[in-house]
Amino acid sequence: MRNLKNLKIATAALAVFGLVGAVPAYAAVDGETAYILNTFSFLVNGALVMWMGAGFAMLESGLVRSKNTATICLKNISLYAISGLTFYLVGYNLMYLDVTGYIGTLSPFWGPVDTDALAGTFSDGGYSASSDWFFQMVFVATAASIVSGALAERIKLWPFLGFVVLLTAIIYPIQGSWVWGGGWLSEMGFSDYAGSTLVHSVGGWSALTGAIILGARKGKFNAEGRVNPIPGANLPLATLGTFILWLGWFGFNGGSVLALGSAASAIEMSNVYANTNMAAAGGVITAMILTQIMYKKVDLTMALNGAIAGLVSITAEPADPTVGMAILIGCVGGAIVVFAVPLLDKLKIDDVVGAIPAHLCAGIWGTLAVAISDPEATFLTQLTGVVAIGVFVVVLSTIFWLILKYTVGIRASEEDELMGLDKAELGLEAYPEFGQGSQSF
Amino acid sequence: MRNLKNLKIATAALAVFGLVGAVPAYAAVDGETAYILNTFSFLVNGALVMWMGAGFAMLESGLVRSKNTATICLKNISLYAISGLTFYLVGYNLMYLDVTGYIGTLSPFWGPVDTDALAGTFSDGGYSASSDWFFQMVFVATAASIVSGALAERIKLWPFLGFVVLLTAIIYPIQGSWVWGGGWLSEMGFSDYAGSTLVHSVGGWSALTGAIILGARKGKFNAEGRVNPIPGANLPLATLGTFILWLGWFGFNGGSVLALGSAASAIEMSNVYANTNMAAAGGVITAMILTQIMYKKVDLTMALNGAIAGLVSITAEPADPTVGMAILIGCVGGAIVVFAVPLLDKLKIDDVVGAIPAHLCAGIWGTLAVAISDPEATFLTQLTGVVAIGVFVVVLSTIFWLILKYTVGIRASEEDELMGLDKAELGLEAYPEFGQGSQSF
Amino acid sequence: MRNLKNLKIATAALAVFGLVGAVPAYAAVDGETAYILNTFSFLVNGALVMWMGAGFAMLESGLVRSKNTATICLKNISLYAISGLTFYLVGYNLMYLDVTGYIGTLSPFWGPVDTDALAGTFSDGGYSASSDWFFQMVFVATAASIVSGALAERIKLWPFLGFVVLLTAIIYPIQGSWVWGGGWLSEMGFSDYAGSTLVHSVGGWSALTGAIILGARKGKFNAEGRVNPIPGANLPLATLGTFILWLGWFGFNGGSVLALGSAASAIEMSNVYANTNMAAAGGVITAMILTQIMYKKVDLTMALNGAIAGLVSITAEPADPTVGMAILIGCVGGAIVVFAVPLLDKLKIDDVVGAIPAHLCAGIWGTLAVAISDPEATFLTQLTGVVAIGVFVVVLSTIFWLILKYTVGIRASEEDELMGLDKAELGLEAYPEFGQGSQSF
């Protein structure tokens, strides 16, 4: 970072005054280099998305009570493991292979196979098949993580993991094939860059049906209908989780450029990184200002959810908006959280970490907002996609929740809930030396 | 990591004996590939710098008492959000656009605009404008994070954020324009590679004036002038924060090569990564040995601050020193912390996390040490830069702190400080189930 | 992530049906670009490996009692610092320079020197010497981290760090030279891609000899030989540590391709990332199912160690197996942990965090399993390497432990152990406001 005068100022001045020179000849990226760069982008950005698994684990660990903390940790690491296994066994080809318009093929991804490598040919858009699989795979767990947070503190471990299998093996890939697999919604022009709807709303709808069918935690809503706030046990961990998610989101949205093998894709990725960051910033500040005005106190958990809502909002189209537009999209996301959290309480839907406001509500907003910044998208098509996927996920997830409920049962017994799931299901305590987790409520 | 014999040994032997062959012809990087690599370096390294925001949040969360933990979390995530917004609205162009030598232009960065992309031309040093903006933006929050740590546990939330606006919109970019914007200090030959002075000392000076004007926490210094140590509530989080900072610093210094489009820049970045790591290592070990000798106990928080001081020390010139020299520079940084912390106590300046020793004192040392390793730098020029920026920041930050003090007030009321800022300003507790945070002092 | 239909489906279909076209001409990567990509891979993947230091610190912080938490934090950050220093002063050249077959040269790495840069020549496999040094350096600390976890809560700080010096300066590089330095085991055909044996078993053997010589913690095994479980104080931190290790392992194994300058190396790295992830997933799920069946409860710490064991198992050969094979290799690793933990208890060997099962036992399994997936490896050669390195490390580490024991002493006094090492050796508490750490046992 030595003196930047000449280059930086020249570039900036040109940018402001719109001056561009004549187009000189330049050497372009060769095919193999493009192949490497595309592949490496999948790996680096994909590793950041994998890291979001830790983000959800910490966010949720911080927002549940200490008596359920070890269980939520276990749910998060195991759902990430399961998501990879189901996406390998079923999901990837159901989503991407030989799509008829409505569903892919039921077969495992017998990767890694790299036809380009076999052929010794490297088209500009080429990349290693297993790098693509890796990148798509890490997305799946995100949807499941949203569910784990909303239903924490009362759902039994194994039935929850059973739902994760159904969500990641069936629900996620089938609706995913409609858009990213090239199916009917994609044909219609529906656009969802990195998954405001395909990932975040899908998790959000599944969480919503689950929360309704499962019911609220004991003591959350009392007889007269008043809401009893149940504070999380470890807010710095929740803050850490939000920072992790923020970092991971650069990979989530930035890797969704799906290429790095040309200057155009590098520029697009840069715009995505900048817009992703600024939408989150807008979400934080909006949530802070609104809670200060409405409640005379700034709520840290609202600010954290504001960041997440800003990130979810920009995810449907992080490349096209200007930075200023990205900030506004994030601000609306942050505002949505502040209003949706008490609304859910009013409806007596118990969402432990605020996942439904941050992922479902902001996801719908972000998907519709594509119509503002992308001239090729229309509000009607975007709405069609939101509704179609919403109906599909609500119907299927309701069926799956009910099957689980009336077979193995999904709700922990009242004694177990009172004792805490850590002691009941894991036989241990998350913080055996601090306070009296299991007796505090 | 298969057998490395041939290549590695051949290279190593050549390195040791200084044997280099004749220069054969080789194919060079083409313009578009260089553009992509330069851009991707900004994104990857910039994401690491963003991650430092989490590092400061965890370090400070661990070093404050539990009754102020949620507040410091909120300050850290909101100052990161604000830094991005102000740098977008004002800071970037004030720092880099059309610099007269003393100040840039007051206008928003209406990016992302990529003139190279418009022109279809890719010079070797080219990169996406928004990737550069992203990388410069993530630096701004670092300066503000330093202030939040030093002034924790007694400054009110919104006035603190008001200072963050002034720091990131005015103080940081104006002095930054003097060097990285190509202004007068850069013309004079002052060198600060990644910001020992421009980032770390700026935060440190602002923290110092703030700490003096704000006063010490109640109970820190008693009537007879004795120091009452106030231990942090969660040392593993502080350790985690330090590891995060260490990791993020590879991006901070490594990305400051500002290029990856040539072998020379890749080599420079490698040297920077290696030197950055080893300076931190030197800082840790020096702080440990000194505290063992001086106090017969090794102080974990000193070791953590030793790492940070080592990192700050090498930041002014991480590319030129040999690895051995980098270790020594870091060792001196670690020693500075061990001696500066009790000195501040003696001066009754209350710096909650040791930010002033680690960032300001080590930052001055690192900036002066450039004269040792870089033949183009002189001690006098380096000192001129340190003093000029020091005076500028001290004067401006003092004015801003005093304005805030005599308008909205900056200090929490005595009751609020006793109760803890979490309950007073946020209406919640960071660890509601553990111990009795708010009653412990 | 716009509509992926054409490209993705075309590729996938080709992959499934094995159709590959004729080989067209394509432009290959030029020498300087390959040099940059190889170098950048070392830096990015190396930074991920450095991050594993934080992973071990958090894992171990979460699994010890609160009265020893600050000490384990200090041990982890200082062992990382020491590992870098010794590898610089002695280790690197002892491992890689002028190997006679059994040992390298005793001289410091006077890097960074880049002969390629001096010569202006860039061979396809070339990379910056200091990027290679950086990548090899970050591996060393991993071996030492394994020891710190196993011996926690009773070993004195400085003698432990003394052992770290001997381990990283002598044991690690000498046995490393036998394989990665091109020595006799490599000549024989022994294969260990990223260090199941060279890194993880080496740490594991050192931990095993240390645990035997040091003895168990007071109260772990009572007079009648029954095991008294001593729960860790902070399980979300242990979970975070495992996620960090999982993320860092992409760099550990992926960077061990040692190249990114060709499509072949990019494909190999992609396979490594995918396989590394899936082996960990297999380890988690296997450990969960087995503990549910055997103990009727799912043990979170077993699931975490299952992930680590899966990762260790695939480390000896993460490139060659199919994804399905990688899952199976990881599943066996997870099972090994579940059976080895009670076995160690039966032998009255006190391994605080389960490091010996996860790193030593799974490391042996992974090294032997190379014979299954790699046609060039034989079971006998793999076994020879495992035994040779095992004997070498056991003998040398035993000698070093005994020297330390009978000179400076390695075991904390009984009062110090009861009080906790934090108060005894550091004079502070990790969580001064939560519970009564030092009185809880």
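Guide: This is a predicted model. Cys331(C) has 22% relative accessibility, so Cys331(C) counts as partly exposed.

Visitor: Why is Cys331(C) called partly exposed?

Guide: Buried requires a value under 20% and exposed a value over 50%. The 22% of Cys331(C) falls in between, so the label is partly exposed.

Visitor: How do you know whether the sulfur of Cys331(C) is bonded or too far for a bond?

Guide: The closest cysteine sulfur, in Cys361(C), is 17 Å away. A disulfide needs two cysteine sulfur atoms within 2.5 Å, so the sulfur of Cys331(C) is too far for a bond.

Visitor: How many disulfides are there over all chains?

Guide: The count over all chains is 0. Cys361(A), for one, is in no disulfide, and its nearest cysteine sulfur is that of Cys331(A), 17 Å away. With 28% relative accessibility, Cys361(A) is partly exposed.

Visitor: Which label does Thr239(B) get, buried or exposed, and what makes it so?

Guide: Thr239(B) has 0% relative accessibility. The limit for buried is under 20%, so Thr239(B) counts as buried. Thr239(B) sits in helix α9 of chain B, residues 235-254. Apart from neighbours within four places in sequence, Thr239(B) is in contact with Leu300(B) and Leu304(B), and also with Met58(C) and Cys73(C).

Visitor: Where is Lys348(C), and what is its phi?

Guide: Lys348(C) is in the loop of chain C that runs between α12 (323-346) and α13 (355-373). Its phi is near 60°, again a positive value in a residue other than glycine.

Visitor: Why do Lys296(A) and Lys348(C) carry the accessibility labels they do?

Guide: Lys296(A) has 63% relative accessibility, and exposed means over 50%, so Lys296(A) is exposed. Lys348(C) has 42%, so Lys348(C) counts as partly exposed.

Visitor: Why is the pair of Phe40(A) and Phe40(B) called edge-to-face?

Guide: The ring centres are 6.2 Å apart and the planes are at 70°. A pair needs centres within 6.5 Å, and edge-to-face needs an angle over 60 degrees, so the label is edge-to-face. This pair crosses from helix α2 of chain A to helix α2 of chain B.

Visitor: What makes Phe40(B) and Phe40(C) a pair that joins two chains?

Guide: Phe40(B) is in helix α2 of chain B and Phe40(C) in helix α2 of chain C, so the pair joins two chains. Here too the centres are 6.2 Å apart with planes at 70°, so the pair is edge-to-face. Phe40(C), at 1% relative accessibility, is buried. Phe40(A) is buried at 2%, and Phe40(B) is buried at 2%.

Visitor: How many cavities does the search find, and how much space lies in the largest?

Guide: The search finds 12 cavities of 30 Å³ or more. About 300 Å³ lies in the largest cavity. Its lining has 19 residues, and among those closest to its centre are Leu48(A), Leu48(B) and Leu48(C).

Conventions
Residues are numbered from 1 along each chain as its sequence is written. Chains are lettered from A and ligands numbered from 1 in the order in which they are written. This is a predicted model: local features need pLDDT of at least 70, side-chain atom pairs count only at pLDDT 80 or more; totals for chains, interfaces and linings use all residues. Side-chain values use heavy atoms; hydrogens and water are left out. On a 1 Å grid over the protein atoms alone, a cavity is a set of points where a 1.4 Å probe fits but cannot get out, and a pocket is an open set with protein on both sides within 12 Å along at least five of seven lines; lining residues have an atom within 4 Å of a point. Grid points are joined across faces, edges and corners, and a volume is the space filled by probe spheres set on the points. Buried means under 20% relative accessible area, exposed over 50%, partly exposed in between (1.4 Å probe, protein chains only). Helices (H or I, at least four residues) and strands (E, at least two) are DSSP runs, numbered from the N terminus. Contact means heavy atoms within 4.5 Å. Rings of Phe, Tyr and Trp (its six-membered ring) pair if their centres lie within 6.5 Å; planes under 30 degrees apart count as stacked, over 60 as edge-to-face and the rest as tilted.
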